[in-house]
Amino acid sequence: MIEHEGTRVLVDAGLMDLHERFAPGTLDAIVLTHFHPDHVQGLFHLRWGRGAPIVVHAPPDSEGCADLYKHPGLLDFRRLAKFEPQRIGGLCFTPLPLVHSKPTFGYAVEADDGTRFAYLTDTLGLPPHTEAFLQAWQADGMAIDCSYPPQGAPPRGHNDWPMALAAIASVRPRRAWLTHIGHVLDAWILQTAPPLPEGVGVAGDGEVAVFARGREHCAT
Ligand SMILES: [Zn+2]
Ligand SMILES: [Zn+2]
C-alpha cells in the first residue's frame with residue numbers, strides 16, 4: 001500500500017482479507033502489476049461488496065484472470081499504457097514494462113513532494129527501456145522481485161538473488177528491498193546469511209518505509 005497525505009493506493013491484491021484491511025471508500029484505487037493469481041486473488045470476493053465502484057488500473061492483458069473481466073462486480077477495470085503516467089490523487093504512477101510470463105508493469109511512483117519509489121515485480125531482469133528510465137529517474141526507494149537463491153541455470157520468470165542485486169546496482173536507488181521472496185530463498189537466507197550491499201534489505205511482512213523529502217527511515 002502506498003500512501004501520500006490523503007491518497008492511498010493498493011499495489012496488487014493478493015491478500016484474501018482486503019475487505020477487513022480496508023473499509024469501503026478508504027482506497028483511492030488499486031493498481032495491478034499483472035493478472036497472476038498471487039497478485040489478484042483478493043479481488044475475487046472483494047468484487048461482490050456493496051458501495052461505490054473501486055477503480056482498478058491494470059496492464060493491457062486481454063485475458064485477465066479467470067472471470068474477473070466477465071463478472072467485475074464493483075471493480076472498474078482501466079487499462080494503463082507503458083510509460084504513460086497515471087495520476088491518482090497526490091501520486092503519479094508511470095507503468096514500466098517488465099519481463100514475465102504475462103503482460104506485467106512495474107511502477108515508478110512519484111509523490112507530489114518529489115519522493116520517488118519504484119515497485120518492480122514480477123520480473124526476470126529489466127528490459128532496456130525500463131532500466132534506462134530508472135537509471136535516469138534516481139529513485140529514493142525501490143522494491144524488486146527476488147524469488148530464488150542463486151541458480152545454476154538461468155531462472156525462469158523471476159529474478160534470482162544475483163540478478164536482483166545486479167538490477168539494483170545498475171539503477172542505484174538510495175534504498176532497496178528484495179521482495180516476492182520464495183520459500184526456498186527464505187531458507188537459503190536463514191542458512192547462509194548472505195551479505196547485502198549497503199542500503200539493501202530483504203522486505204518483511206508488515207514492514208513500513210517512511211519517506212520524507214528524500215530522507216527515509218524504516219519501521220517494522
Ligand atoms: Zn507472476
Ligand atoms: Zn507473483
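Just after helix H6, alanine 193 takes a positive phi of about 40 degrees. Helices (H or I, at least four residues) and strands (E, at least two) are DSSP runs, numbered from the N terminus. H6 itself, residues 183–192, is hardly covered: among its 10 residues, the count of buried residues is one. A residue is called buried if 20 or more other C-beta atoms lie within 10 Å of its own, exposed if 12 or fewer, and partly exposed in between, with C-beta atoms placed from the backbone. The model is predicted, and local features need pLDDT of at least 70, side-chain atom pairs count only at pLDDT 80 or more, and totals for chains, interfaces and linings use all residues. Residues are numbered from 1 along each chain as its sequence is written, while chains are lettered from A and ligands numbered from 1 in the order in which they are written.

Stepping back to the whole protein, there are six helices and 14 strands. The radius of gyration (taken over C-alpha atoms) is 17 Å, close to the 17 Å that the globule rule gives for 220 residues, so the protein is as compact as a globular protein of that length; the rule is 2.2 Å times the number of residues to the power 0.38. Of the 220 residues, 36% count as buried.

Next comes the sheet. Seven strands form an open sheet with mixed pairing, in the order E6-E7-E8-E9-E10-E11-E12; two strands pair if DSSP finds at least two bridges between them. Strand E6 (86–88) and strand E12 (200–202) stand at the edges with a single partner strand each, so one side of each is left without a neighbour in the sheet. From one strand to the next, the twist averages 20 degrees.

E8 runs antiparallel to E7, joined by seven bridges, and pairs with strand E9 (residues 116–120) in the antiparallel sense over four bridges. Valine 109 of E8 stands opposite phenylalanine 93, and the bridge partner of valine 109 in E9 is phenylalanine 117. The hairpin of E8 and E9 has four residues between the strands, and glycine 114 takes a positive phi near 95 degrees there.

The last topic is the core. A nonpolar core is a set of buried Ala, Val, Leu, Ile, Met, Phe, Trp, Tyr and Cys residues joined through C-beta atoms within 7 Å. The largest one has 51 residues, of which Tyr107, Ala118, Met142, Ile144 and Ala164 touch the most other members. Helix H5 (residues 161–171) gives the largest share, seven residues. Domain 1 (1–81) and domain 2 (113–220) both contribute residues, so this core lies between them; the domain bounds come from an automatic or database domain assignment.

Notes: Axes are lines fitted to C-alpha atoms, for helices over the stretch in contact, and angles run from 0 to 180 degrees between N-to-C directions.
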